Structure formats: structure tokens, C-alpha cells
Amino acid sequence: MKASTRAFCFLTSCGIAVAGCSSSDHTGTDTPGSEAEPLEVFSWWTQPGEAEALEALFGAYRKDYPNRSIFNAAEESGPTAKQVLGERLDAGDPPDLFQQNAYEMRAFLQAHPGSVTPIDDVFESEGLDKAVAPEVIDNVTVKGKVYAIPVNAHRENSLFYNAAILAENELEPPQTLDDFLSACKTLKAAGVTPVAVSTSQSWIVSKLFIGLSIGSMGGQAFHDYFAGTTPLDEEALGSAIDVLDQVLTEYIDIEQAKVDGYGWSECVRSVFDGDAAMFLHGDWAKASFQALGWAPNVDFGVVSSPGAPELFLYGTDVFGIPTGAKHEAEARDFASTVLSKEGQVAFNSVKGSSPIRLDVPLSGFDPMAQQVIGDFKSAKLRMALKWQAAWDDAIGAFAQDHDKQALIQAFKDNPPE
């Protein structure tokens, strides 16, 4: 993808500054022939599938405001983008919009006090407090103020599978943890690597652990512990770790998994190429499968992580408007596009995520997306997990040394917040 296209995408993703977002159809008010200064945005959406989703959102914005342009200010920063953003905010030189994860927002505000403009008035004036899932609004609210515009809900406990491989081995998509482990055993006996994972990147192992833990502990117990409402059950956590250990030692390509640079998109490629049958990960992987040319519910399928269909564990990408943004009004207009029904369909139908509005029509989504969105709307438990870096580090270490007690100790030392 061209750098300029990624820049546009990035900007699009940063459309957090939605003080003027509308829950209804939005029409731009640019004067014909006029050209506003370009919006400056920070975003990390540049991977296959992600970039296309940003392009789709950019297209929706251009439809609303045909005389405006946007660019990705983080493009030159690469892996240091977040550090550069922090430095610019502290120096009083902010971009117009920036991307963030909802679970990181509180820590970000603590590290950079006064650097983000609250936008709770948008939700009140536009009726978004009724259209957006209440859990999602809570995720972006700090001390009674909304500080970010949520863009999507990515299910983090998804199990993707190669439909042809499962069919060839007469396997159904696993519904329970026992189903999953039995399928792994069958696939291994048939000479197929059951599970794709990267052990060189601890956060990817963490996604695997999350999916397995939900099935091992049960949805309610997992929810209650990681929400911080019940104390640690060492036996239950230990059982989940045992399942992770079994998968890592028996059902992955150990040598491939530890290769430097083998990341989540490479895991997707392994399933696509038939080198692995399944991938437990976030549903942003869907867009990558599609970018490779696969059709959802034909070439590949997805189910909730086996064993706890009642729990929809999600992550939310958001956009914030920095205090002192040079083009705050235009940033709010872009946010208006992001939160409109049209913007939600344009972005999420490509990204593989679910709209955070509960009133978005499903007609703009493929059957797989409709299934997942239905799961989001009907879930008994919807939860945005406040994951900790210490857990990633400990799980990454476990993938190398398989020290069960050390991993349990890491959770004891770093309880859920």
C-alpha cells in the first residue's frame, strides 16, 4: 500500500475527536471549491486488512467532506510512534487526532494530564448514550467524562479455522474445550499442525491463553476474576495453564512459532496455506484472511473460543482529540463520520470487527459478521479486558520455560485492576 494511502487511513482511524458526531445521517457543509487544511492524525492501522478498513472509513469521510484531506502523521515514526506522540503532547504540539486502545486511556491520561479534550457532550447531544453499547461507553469514561470516541468492538476470544482441513478430517468447529483438544489430537495424527501461534511475541501467546482460559475456567468465573470482583482461584488458573502447556508442547509447530518476525499475520498465512488448522486470536484476523482472498464462511470459519459462548471478550479502538488541536472542528466532523451508521458499516465491514452502535443495520455485513455482531448484541457477558504488560511478559516467559508456578505467581503479584 502506498504511503499516502496509509496516511489517509491513519487519519481516518484517529477520528476520535467527535465532539460533533451525529447518530443520524451526516452531510458535510464544505463550501464548494474550498479546501480545508489537512487533518493530522496518528494511527497504527497499516497492516493488510487494517489499511483497507481505514481506506473505507476515509472514503466515507471524503463523501461527507469532498474538499478535505487527511494524512497519517505517525507514518514516519514507525515503531516509535507512541513515544513521538507523547513527546508532542507534552511539548504542546499535538496532532489533530490520535488512535488509542480504550484500556490504555486511563493510564495515558495519568501520564499526560490535561492533554485530551473531554467529549461527553457529544454523547448527550447526539443521543449516542442510547445507541452505543453501555459497556463501551464505560470503557471510555473517566471520572464521569468521556475522553474518546470508540470505533469498533473486536472480539478477542475468536477461534478461526481452515474449513477445508476440518472437513477433510471430518471435524466440526469446536464448541467445547474438550472438542478443541480432541480436534487437535485428530489433526496431529493426520500430520496437520493443529494451532498456529507465535511464541516470539508474548502478546500473541496471551491471546491463545485467554481463549483457552475462558473455556477452562468458564465464562462467568473468567469474567469475575479478571473484572477484579473475585479473588484468584489458583487451582482454576493452574488448570488453564496446564491446557496452555499442553497446546504449546503438543499441538503447535514449535520451531516455526519461535522464529523472529513470525507474528499474527504470519499465523493467518499459516492457516491460509494449510500449514496449520486453527488460530485463537482477535477477530481483526478476519480482514487478513479476506485480504489473502478467502471468503468468510466458505474458505474459513470462526466461532467463539470453545467452552464459553456466553462471554464476548472485546477490545475497543478509540480516537482522542488532543487539547489544543489546530483543527478541532474538522476533527469532530471526522468523528461524526466515524460514529455515523454509514461510517460504522464502512469501517467494521472491512476490519472484521463489530459496530459499537447497537442500532446499525446488519444488511451491510457478510453472514460471518452478522453472526459475530449477533453474539455481541446477545452476549450474557460483554467484557473489555484490562490486560497488563506484566501478564504478557510472564506468559511469554512461560512459552519458553513452562514454569507453571512462576506464571501463577505473576498473576498473584499483579492482580486485575
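An open sheet of 3 strands has the order 7-12-14, with mixed pairing; two strands count as paired if DSSP finds at least two bridges between them. Helices (H or I, at least four residues) and strands (E, at least two) are DSSP runs, numbered from the N terminus. Please keep in mind that this is a predicted model, in which local features need pLDDT of at least 70 and side-chain atom pairs count only at pLDDT 80 or more, while totals for chains, interfaces and linings use all residues. Residues are numbered from 1 along each chain as its sequence is written, and side-chain values use heavy atoms, with hydrogens and water left out.

- Strand 7 pairs with strand 12 in the antiparallel sense, over 2 bridges.
- Arg155 stands opposite Tyr314 in strand 12.
- Helix 11 (residues 219–226) packs on this sheet, where it touches strand 12 and strand 14; contact here means heavy atoms within 4.5 Å.
- The direction of helix 11 makes about 35° with that of strand 14; axes are lines fitted to C-alpha atoms, for helices over the stretch in contact, and angles run from 0 to 180 degrees between N-to-C directions.
- Helix 18 lies across strand 7, strand 12 and strand 14, and runs at about 105° to strand 12.

**The 9-10-8-11 sheet**

- Another open sheet, of 4 strands, has the order 9-10-8-11 and mixed pairing.
- Its edge strands are strand 9 (193–195) and strand 11 (300–304), each of which pairs on one side only.
- Neighbouring strands of this sheet are turned by 20° against each other on average, direction ignored.
- Strand 8 (residues 158–162) and strand 10 (residues 276–281) run antiparallel and are joined by 4 bridges.
- Ser158 has His281 as its bridge partner in strand 10.

**The largest cavity**

- A search of the whole structure finds 1 cavity of 30 Å³ or more. On a 1 Å grid over the protein atoms alone, a cavity is a set of points where a 1.4 Å probe fits but cannot get out, and a pocket is an open set with protein on both sides within 12 Å along at least five of seven lines; lining residues have an atom within 4 Å of a point.
- The largest cavity has a volume of about 70 Å³, where a volume is the space filled by probe spheres set on the points, and grid points are joined across faces, edges and corners.
- Its lining includes Phe160, Asp283, Lys286, Asn348 and Met368.
- Helix 18 (residues 367–378) gives the most to this lining, with 3 residues.
- The lining residues divide into 5 nonpolar, 4 polar and 2 charged; Ala, Val, Leu, Ile, Met, Phe, Trp, Tyr, Cys and Pro count as nonpolar, Asp, Glu, Lys and Arg as charged, and the others, Gly among them, as polar.

**The second largest pocket**

- The second largest pocket has a volume of about 170 Å³.
- Of the 14 residues that line this pocket, the closest to its centre are Gln175, Val303, Ser304, Pro309 and Asp375.
- Strand 11, strand 12 (311–315) and helix 18 each supply at least two residues of this lining.

**Ala346**

- Ala346 lies in helix 17 (residues 341–351).
- Ala346 is buried, with a relative accessible area of 17% (buried means under 20%, exposed over 50%, partly exposed in between, with a 1.4 Å probe and protein chains only).
- Ala346 touches Ala56 and Ala60, not counting residues up to four places away in sequence.
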